[in-house]
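Subject: Structure handover

Hello,

Here is the structure for you to look over. My notes on it follow below.

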Amino acid sequence: MSMQPEIPAPARGRPPTITPDRLADIGITLGLPNLTMANVAAELAVTQAALYKRVANLEALKRLVADTVFQRWQIPRASADAPGGLQGYLLGFVESLCEVVKAHPGLPPYLLRRSVATTPMLEKIASHQAHVAEVFGLPLDKARWLLATIAFYCIAGADTVYGLVDDETEVLTGRRVQDEEVIAEFKQGMRALVIGSLEVLELR
């Protein structure tokens with residue numbers, strides 16, 4: 001069962017300088033791959049000992065940051081009247097999910113592995129699946145399979161593709177063109193996955 005980040009409730013009296021919101025904001029600014037207790041403590045202008053009184057360990061801190069990123073992500077809302085129907089919606093969902101992964105390196109493990117995902121993250125995923133099932137009149141089990149399958153390959157693929165893009169090396173001849181070609185091929189592959197998944201469920 002997933003556990004939420006271990007952030008104790010603030011004590012009464014003077015407002016603490018170390019709050020879950022501040023921790024999350026600093027973590028997002030620093031980026032999950034660069035997160036350490038030392039650099040977060042430095043950003044807060046507190047000692048590491050003080051930080052450890054507010055968050056159990058580095059993994060709990062990372063889970064807090066990942067959870068905040070995911071909760072702030074506005075998953076596209078579905079509409080039965082939208083152009084392209086279910087297929088069009090899924091392609092828009094893929095685009096939005098890719099942008100989240102691209103903007104937040106280090107996030108994918110928290111989206112792909114239920115063992116490290118927080119309870120609120122799992123609840124948001126389940127709510128989205130139920131929303132899509134209701135809007136498009138799908139059995140819930142089909143909506144779960146469809147969205148989980150597409151999300152899994154989208155997250156894993158985007159993590160790999162965007163991880164290959166390094167702005168500092170794009171000065172090399174042809175590097176930017178190569179990056180754009182890889183991204184284009186990935187997006188074509190995701191479109192094929194969406195269409196193929198709908199075919200499997202006979203929903204087209």
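Asp-67 is buried (under 20% relative accessible area, with exposed over 50% and partly exposed in between; 1.4 Å probe, protein chains only) but forms no salt bridge. A salt bridge here is a side-chain nitrogen of Lys or Arg within 4 Å of a carboxyl oxygen of Asp or Glu. The nearest side chain of opposite charge is that of Arg-63, 8.2 Å away; Lys and Arg count as positive, Asp and Glu as negative, and His and the chain ends are not counted.

This is a predicted model: local features need pLDDT of at least 70, side-chain atom pairs count only at pLDDT 80 or more, and totals for chains, interfaces and linings use all residues. Residues are numbered from 1 along each chain as its sequence is written, and side-chain values use heavy atoms, with hydrogens and water left out.

Asp-67 lies in helix H4, residues 58–72 (helices are DSSP runs of H or I, at least four residues, numbered from the N terminus). Apart from neighbours within four places in sequence, Asp-67 is in contact with Thr-118, Pro-120 and Met-121 (heavy atoms within 4.5 Å).

On cysteines: the count of disulfides (pairs of cysteine sulfur atoms within 2.5 Å) is zero. Cys-98 is in no disulfide, and the nearest cysteine sulfur, in Cys-154, is 3.4 Å away. That distance is too far for a bond. Cys-98 counts as buried because its relative accessibility is 2%, and Cys-154 because its value is 0%.

Regards

Methods
Helices (H or I, at least four residues) and strands (E, at least two) are DSSP runs, numbered from the N terminus.
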